[in-house]
Amino acid sequence: MEDSNQFAAAAATNDVDGQAQNQERDPESNSLHQPLLKRNRTLSSNPLAVVGAKVSYIESLDYEINENDLFKHDWRSRAQVQVLQYVFLKWTLAFLVGLLTGVVATLINLAVENIAGYKLLKVIDYINNKRYLMGFLFFAGTNFLLTLLAAVLCVFFAPTAAGPGIPEIKAYLNGVDTPNMYGATTLIVKIIGSIGAVAAGLDLGKEGPLVHIGSCIASLLGQGGPDNYRIKWRWLRYFNNDRDRRDLITCGSSSGVCAAFRAPVGGVLFALEEVATWWRSALLWRSFFSTAVVVVVLRAFMEYCKSRYCGLFGKGGLIMFDVSEVSVRYHIVDLIPIAVIGIIGGLLGSLYNHVLHKVLRLYSLINEKGKLHKLLLSLGVSIFTSVCVYGLPFLASCRPCDPSIQETSCPTNGGAGNFKQFNCPNGQYNDLATLLLTTNDDAVRNIFSTSTSSEFHIFTLTIFFVLYCILGLITFGIAVPSGLFLPIILMGAAYGRMLGVAMGPYTQIDQGLYAVLGAASLMAGSMRMTVSLCVIFLELTNNLLLLPMTMLVLLIAKTVGDCFNPSIYEIILELKGLPFLDANPEPWMRNITVGELADVKPPVVTLHGIEKVGYIVEVLRNTTHNGFPVVDEGVMAPVGTQTGATELVGLVLRAHLLLVLKRKWFLPERRRTEEWEVREKFTWVDLAERWGKIDDVTVTKDEMEMYVDLHPITNTTPYTVLESMSAAKAMVLFRQVGLRHMIIIPKYQASGVSPVVGILTRQDLRAHNILSAFPHLAKSKGKKGH
């Protein structure tokens, strides 16, 4: 698969037993062609994972700083003005990420509200004229076409645009390269597909896709545009590395959450708590700056739309619930129903995760049959949704308007409002149509509304809850951009309001506040977020008095949910096969050392500091490793015996070896190069690029006999661990530092002993892969390894 798939490569060994110090290797007789000895145990892993809807070959990212001669020269020679350029450009890109994410979110909201609004106005018109069949045909037909547009774009043009994209972003920020996730095509399809899918009335939100859209914008800005049309601006060369791209994508993800909920602090905390593996204070400032820009853009847009220049876009189209004027009163007794909401949220959230896991497995079997089946599945869900949403309101009885409400607001025909008339006589409204025949954002506003204790019947809320549970399970996983936030908010708000109706005589808490707490509890029970969710709901409600109740509900729901299964995003990561490293190692990983892991892998492939071109080509062709230790034999140690020792020079990456072969930086004789010779041929910018495959490189027979000095391009400070270190401690180090390779060195050093025991990579430290090689550890494990 990637760096570490040494198990899948042809057996690549380096004979270090009794080689002469400067013995030349013959490409015709090297040990790469010798088969491995059969082993009872082999540390193995799957090199493939599902990215979007496509099985892809996965590699790790190079977050580690590559300290070689070129890197040191660059930092020595970088002038003060260049450092200022770098800092200035970082902040400029953070500003542009926020600006563009805010603009795109504005356009998506504007398009969804107008497309869905005009569709619903036409349907209401048909119903008022008693043309029910025409109303259904228009409603279902429009939804069908919008879903078809979104599905066709995702299936045929950008499979990675389907779904929320958040699991892949989590994996990327954890160190896993997720191919084609941040391209221009993916961005365009995500935007158009989100508009089509949300306007089609499907039970999904635009919040998850907005996180992906923000990340795409950040990635494209950092690399100067799409791969085929990059801007070769010399300032952008500073960002031509995985570390700075990681920081930008983190800013993009926080901007996306901010654009979805208009919650700048919540967006930053979401990136910190949920998606980012690696964090630092400078990144916190830039993420906060990006989200601040998003809020300014959204506020300007909302002010502009108040002048009725935005069609049907209602006032405050991005604020789901504003209770800043509502006085929240509660007593100690009210903590009991609040705790019950948290417990129910944890139980329902974990149950939702479990069932959704089964549904996604079923969908994967359907999607494997081809693109036509993906389209049919999406369109089938659209038709089922249209039938339910249009037909179920006919089951609800008409309810008289509350006399205390102004006549102009009840009932309402079309537009946003809490009292949809829908086939009812004047002065009466249909409460189920109020929740179903509207946009998802308006449905949230309606069910969150306060001071409406008698608006929704318990029968209506039950139908709504059951329907959205079913729709939430069957809609997520189809080939359209989809988010989990809104379906879970709607389900949670429904059961929260149901509990509010039941507790009405015993509590002073408003039913709308019960709905808010129910939504928060189900999100915590499913997604297992606490701090970021608390702040997001605080910014949504605009009322600090809700803070203690929200905190209590979130903590209880998360605690209950964790007793049963992982969060929904962890389940999706496991389903897709993305090698995500968790923050906490399994307890039984302390019972095995990295030396034992190295023992069940093929012997490590090493290169000499001055290596023959033919051997390098042979190694690259016969292995899939992305890192090779570089050793020098016969080195005179500063202290100790007079016999020659073996020195670990460092680690050289496959990409850099391919660059050397492509540039044909060969020497006719075995010698060390001068520093100026290296700078004449390469720059530190070149080392940040990924240089294709060995099959793309042509080397003549004469060039095979030449040499390459690997010292200038070798990372002389790789992270090394003793073979006696536990796998648990190694995994923590690997994840926190953001490594791609971890070199294992022997505990005892002596002349004639190789300075390298082996190399561990991400796959080798995953609990599942370790258990496949050491099944006896399963008996001692404290909990199931995910």
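Is Tyr172 buried or exposed at 0% relative accessibility? The model is a predicted one, and in it Tyr172 has 0% relative accessibility, below the 20% limit, so the residue counts as buried.

Tyr172 also takes part in a ring pair. Its partner is Tyr182: the ring centres lie 5.2 Å apart and the planes stand at 75 degrees, which is over 60, so the pair is edge-to-face.

The structure holds 13 aromatic pairs. Elsewhere, ring pairs join six residues into a cluster: Tyr132, Phe136, Phe139, Tyr390, Phe394 and Phe422.

The next topic is helix packing. Two packed helices are described by the angle between their axes and the distance between the axes. For helix H14 (residues 458-475) and helix H15 (residues 485-502), the angle is about 155 degrees and the axes are 9 Å apart. An angle over 145 degrees counts as roughly antiparallel, and H14 and H15 are therefore roughly antiparallel to each other. The crossing of H14 past H15 is left-handed.

On the H14 side, the contact is made by Ile458, Leu461, Thr462, Phe464, Phe465, Tyr468 and Cys469. H15 contributes Leu490, Met491, Ala494, Tyr495, Arg497, Met498 and Val501. Sorted by class, this contact has 12 nonpolar residues, 1 polar and 1 charged.

Note on methods: Residues numbered from 1 in each chain as written. Predicted model: local features only at pLDDT ≥ 70, side-chain atom pairs only at ≥ 80, totals over all residues. Heavy atoms only, no water. Axes fitted to C-alpha atoms, helices over the stretch in contact; angles between N-to-C directions. Helix = DSSP H or I, 4+ residues; strand = E, 2+ residues; numbered from the N terminus. Parallel < 35°, antiparallel > 145°, perpendicular 65-115°, else oblique. Left-handed = near helix turned anticlockwise from the far one by under 90°. Contact = heavy atoms within 4.5 Å. Nonpolar A, V, L, I, M, F, W, Y, C, P; charged D, E, K, R; others polar. Phe/Tyr/Trp six-rings, centres within 6.5 Å; stacked < 30°, edge-to-face > 60°. Buried < 20%, exposed > 50% of the residue type's maximum accessible area, 1.4 Å probe, protein only.
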